[in-house]
Amino acid sequence: MDNSGIISQYGFEYQKLAFLYCAIQINNTDIITYEGQDDVDIEEEKTLWKFQTLKSLCQVKSGDVTLPIFKKIILNWLLKMEQAERFICISENIVLLPDESFIETFSKEIIESNKKKDALISRVKVKYSTQKSTDDLKADIGRLLSKAEFLCLNVDTLVEESIKKFADVYCADSKSEVIFRERYLMLYDNIHKNITQSILRKEKYVLQYRDLVREIYATLEAISDSKYEKSFTEFKKRSFSTMAKILHSQSDAVKQLKLVFPQDEKSVLLGLTEQMFYEDLRQHFISINMQTEIRELENLAKYNYDRTLQEFVGYGTTRTPFATYQNTIDKPLSKPLPPENSPNFPYYRHGCYIHLTDTDIDENLKIKWGEIEDETN
């Protein structure tokens, strides 16, 4: 099956991620362009009415940067040497720079090229044959090899580095990594839509610093720490009728909690509410593409449960549903749950453990406070 279309689209998506990576780092006098003179251009806004002097030109490359692709990068930059102060290549894979002999051999290849006049290499040949000299060509290739920046960032690294830089500059109001990630994803979605609209109009997408800040402040207002600090008490009140229905169901979580609290319906209700409280946040994590973090969190919870079982054997103590529950739910869990100093942290932690006792949980993750026939507390 031909997957060239998917690979092409993947390249466009990678370029958009790289664009935002650059955008969140521009200064207050800058303007950044998607598909300008290069894949990404960063320009000093104050020079627009003067000489259009570009501050930075950025090539973006997904996949492997082979020698022919590397040569095209250099050729593109050679045509724009006088227009830029900084040359950057953001690539998915490591770019291996050639040795010094490349300067001589590539210069010769350019000067001796007989390709069509509109070919990239022919345009460079014309420039250095009419406006400059072969010595200038060699000097400029050498300058690019020594001064250009080659950043190797795969998709995951590109996203994580972008979130970190975005948080450092724009998220001083929060300490939550979940907040940083959700804000970044919302910003990316908005910028992505703007790029798509410009492409449909057959225009390059230009983003001024003041417009970037406007987009960012919209995300800050929409997503704040208060979203994750909703009152558990209020949640419990709103969920009471739902909990009462669940209590009379035959779900595994209900059965397991009844083993722990056989004569205490209020404690069972509290446990079910904590479960729903966690699952509400869990669903949000999934919606912002944090499935990996959720899986790691729940694997840690299962590991803690297994430790509890081993402790009963090691200490020679009798295992009961109540003791198993109590010795498990207070074991530490980490992100993406809110920090431990959050008033909601215990409820989310307990809810995570209780969630893993429920029906339809993967058998590799499922935990039990006791066997159903066990009536001992």
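How many aromatic pairs does the count come to in this structure? Hello everyone, let me start there. The model is a predicted one, where local features need pLDDT of at least 70, side-chain atom pairs count only at pLDDT 80 or more, and totals for chains, interfaces and linings use all residues. Residues are numbered from 1 along each chain as its sequence is written, and side-chain values use heavy atoms, with hydrogens and water left out.

Now the rings. Rings of Phe, Tyr and Trp (for Trp, its six-membered ring) pair if their centres lie within 6.5 Å; planes under 30 degrees apart are called stacked, over 60 edge-to-face, and the rest tilted. By that rule, the count comes to 13 aromatic pairs. Take F19 and Y34: their ring centres are 5.7 Å apart and the planes sit at 85°, so this pair is edge-to-face. Helices here are DSSP runs of H or I with at least four residues, strands are runs of E with at least two, and both are numbered from the N terminus.

Are F19 and Y34 buried or exposed? Both are buried. Buried means under 20% relative accessible area, exposed means over 50%, and partly exposed is in between, using a 1.4 Å probe and protein chains only. There is also one aromatic cluster, formed by F70, W77, F87, F102, F106 and F150.

On to charges. A salt bridge is a side-chain nitrogen of Lys or Arg within 4 Å of a carboxyl oxygen of Asp or Glu. Across the whole structure, the search finds 18 salt bridges.

In helix 6 (residues 155–170), K164 and D168 are four residues apart, about one turn of the helix, and their side chains meet in a salt bridge at 3.3 Å, N to O. D168 is exposed, at 56% relative accessible area.

The next one joins E293 and R181, whose closest N and O atoms are 3.7 Å apart. This pair links distant parts of the chain, with E293 in helix 12 (residues 291–315) and R181 in helix 7 (residues 177–200), 112 residues apart. E293 is partly exposed at 22%, while R181 has 12% relative accessibility and counts as buried.

Then there is R214 with D211, where the closest N and O atoms are 2.5 Å apart. Both lie in helix 8 (residues 209–222), three residues apart, about one turn of the helix. R214 is exposed at 53%, and D211 is partly exposed at 25%.

Last topic: helix packing. Helix 10 (residues 252–260) and helix 13 (residues 321–329) pack at about 105°, with axes 7 Å apart. The axes are lines fitted to C-alpha atoms over the stretch in contact, and angles run from 0 to 180 degrees between N-to-C directions. Because angles of 65 to 115 degrees count as roughly perpendicular (under 35 is roughly parallel, over 145 roughly antiparallel, the rest oblique), helix 10 is roughly perpendicular to helix 13.

Which residues make the contact? From helix 10 come L257, L259 and V260, and from helix 13 P321, F322 and Y325, where contact means heavy atoms within 4.5 Å.
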